[in-house]
Amino acid sequence: MHRIVLLPAAAVLFSMAARAETHTLTLKQAVARALTQNPEVVMARLDEAKASLGVRLANNPFSPHVGMGTGLAYTNGFPLSIEGSAPAIFEAKANESLFNKPQRYAVAQARESVRGAGFASGEKSDEIAYKVASLYIDVDRAGRLADSAGKQVESLEKVLQTAKTRVEEGRDLATTAQEANVNLLRGRQRLISLQTDRDYAAHSLAVTLGWDAGDLVTPMQEDRVTPAIPVNEEAAIQTALSGSKELKRLESNYAAKGLEVKGDKAKRLPKVDLVAQYALLSQYNNYQNYFATFTRNNGELGASIEVPIFNGSGARAEVEQAQNEQQHIRAEVEVARNKIRLDIHQSYQEIQKTDIAKELAQADLDLARSQLSVVLAQMNEGRASLRQVEESRFNEDEKWIAFYDAQFNSERARLNILRETGELMAALK
């Protein structure tokens, strides 16, 4: 009974693994795919399209509306009305708004909402581009660190074997082998941690690019050019404030809310609609018995004028509510401006730290490589043991890990500045 349940489950897992694919991309290729296939980007563009349709909906009252039908009815006595119209064989009605100031403001608000949706869509694209770049760096970093950690494990295994041999020969204490074993286990723990980090980042990147969660994305081996950033912090702040899609979106929302306020205030103005109507009447409804003259073909063309006298307390509440929301958006703009300034300031400080860390890691790595060369030369001369060589190699791999960390942190800090200034997309295309 248990085999009947387990075998299908195993088959499902096998089929999922069989469908999984590994995609090897450059950073620019990954960003380009995300801008067309990422679900969040697609949804943002759909919201923009929806906002565009909102303009057509808001303009609808200013377009002619024509309806045709019939009002056939049996009449006994005076011909009563059906939904406000006399019984007719055929009737047609048309109406169109001529003067409706609140609706005109609604149209303008809808147009401004389209502009804001465009900024929101661009903002989402920038956000996803940075997310893809960050995940790409995470995958590349974890892969390089895992390779170095794997070499360390190989060196530690040789050190442990040498230590065991020397302990068995009585040339070292038992604690020497124990220490080597602890170091090996610690190295394996780090290796597994880095491998799991690389695996998760690779799957996350695949999902962000619109692929299945079971797929993997691996970076293509390339020399990525570090993108240029503004020459100084103040220049970056000015560029960010003038080009920020977030600020433009908020300012568009503020303008749209202002149009809503005007529309609410305009509700006290009169409204004028064009009205046209035609009706084909019949004699069997007894019109000739109750009216002095009877005409089968009847039509009218005129205007419907509505003048508000008292709109109630809700009208004033709507205006005040929209004004409060407008002030809330203004506060959001100030918060966003200050956040941009602080983020750029922090990013430039981070670049200073990562640059000096990268310089130190490079010098430390060069020293470790020189020390390894010396130990290898001493080994050829019989003045150094294999254990010393492997320990030197372990130390060199450790410096490689520190160098990769500093290198990727520096790249990430520069990408963050480009994201803040709105120049990330241009740099990654």
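Author: A residue counts as exposed when its relative accessible area is over 50%, and as buried when that area is under 20%. The model here is predicted.

Reader: Why is glycine 299 called exposed?

Author: Its relative accessibility is 64%. The cut-off for exposed is over 50%. Glycine 299 therefore counts as exposed.

Reader: Where is glycine 299, and what does it touch?

Author: Glycine 299 sits in strand 6, residues 297–306. Leaving out residues up to four places away in sequence, it touches Gln277 and Tyr278.

Reader: How far apart are glycine 299 and histidine 203?

Author: They are 96 residues apart in sequence. In space, C-alpha to C-alpha, they are 70 Å apart.

Reader: Why is threonine 26 called buried?

Author: Threonine 26 has 13% relative accessibility. Buried means under 20%. Threonine 26 therefore counts as buried.

Reader: What surrounds threonine 26?

Author: Threonine 26 lies in the loop between strand 1 (22–25) and helix 2 (27–37). Its contacts are Tyr136, Met220 and Glu222, not counting residues up to four places away in sequence.

Reader: Why is methionine 68 called exposed?

Author: Methionine 68, in strand 2 (residues 65–69), has 67% relative accessibility. Exposed begins over 50%, so methionine 68 counts as exposed.

Reader: Which residues make the nonpolar surface patch with Met68?

Author: Val66, Leu72, Ile89, Phe90 and Tyr284 make it together with Met68. The patch covers about 620 Å². A patch residue needs over 30% relative accessible area. Methionine 68 is at 67%.

Reader: What makes a set of residues a nonpolar core?

Author: The residues must be buried, of a listed nonpolar kind, and joined through side-chain atoms within 4.5 Å. The largest such core here has 47 residues. Val31, Val132, Leu205, Leu209, Leu415, Leu424 and Leu428 have the most contacts inside it.

Reader: Which helices supply this core?

Author: Helix 2, helix 4 (101–168), helix 5 (174–208), helix 9 (313–380), helix 10 (386–421) and helix 11 (424–428) each give at least two residues. Helix 4 gives the largest share, 17 residues.

Reader: Which residues does leucine 209 touch?

Author: Leucine 209 touches Leu25, Ala30, Arg33, Ala34, Gln37, Val132 and Val217, again not counting residues up to four places away in sequence.

Reader: Which residues belong to the second core?

Author: That separate core has 14 residues, including Ile237, Leu241, Leu250 and Val333.

Reader: What is marked about asparagine 286?

Author: Its phi is near 70 degrees, a positive value in a residue other than glycine. Asparagine 286 lies in the loop between strand 5 (271–280) and helix 8 (287–290).

How values were computed:
Residues numbered from 1 in each chain as written. Predicted model: local features only at pLDDT ≥ 70, side-chain atom pairs only at ≥ 80, totals over all residues. Heavy atoms only, no water. Patch = residues over 30% accessible without salt bridge, like charges linked within 9 Å, V, L, I, M, F, W, Y side chains within 5 Å. Areas by Shrake-Rupley, 256 points an atom, 1.4 Å probe, with all protein chains shown as cover. Salt bridge = Lys/Arg side-chain N within 4 Å of Asp/Glu carboxyl O. Helix = DSSP H or I, 4+ residues; strand = E, 2+ residues; numbered from the N terminus. Buried < 20%, exposed > 50% of the residue type's maximum accessible area, 1.4 Å probe, protein only. Contact = heavy atoms within 4.5 Å.
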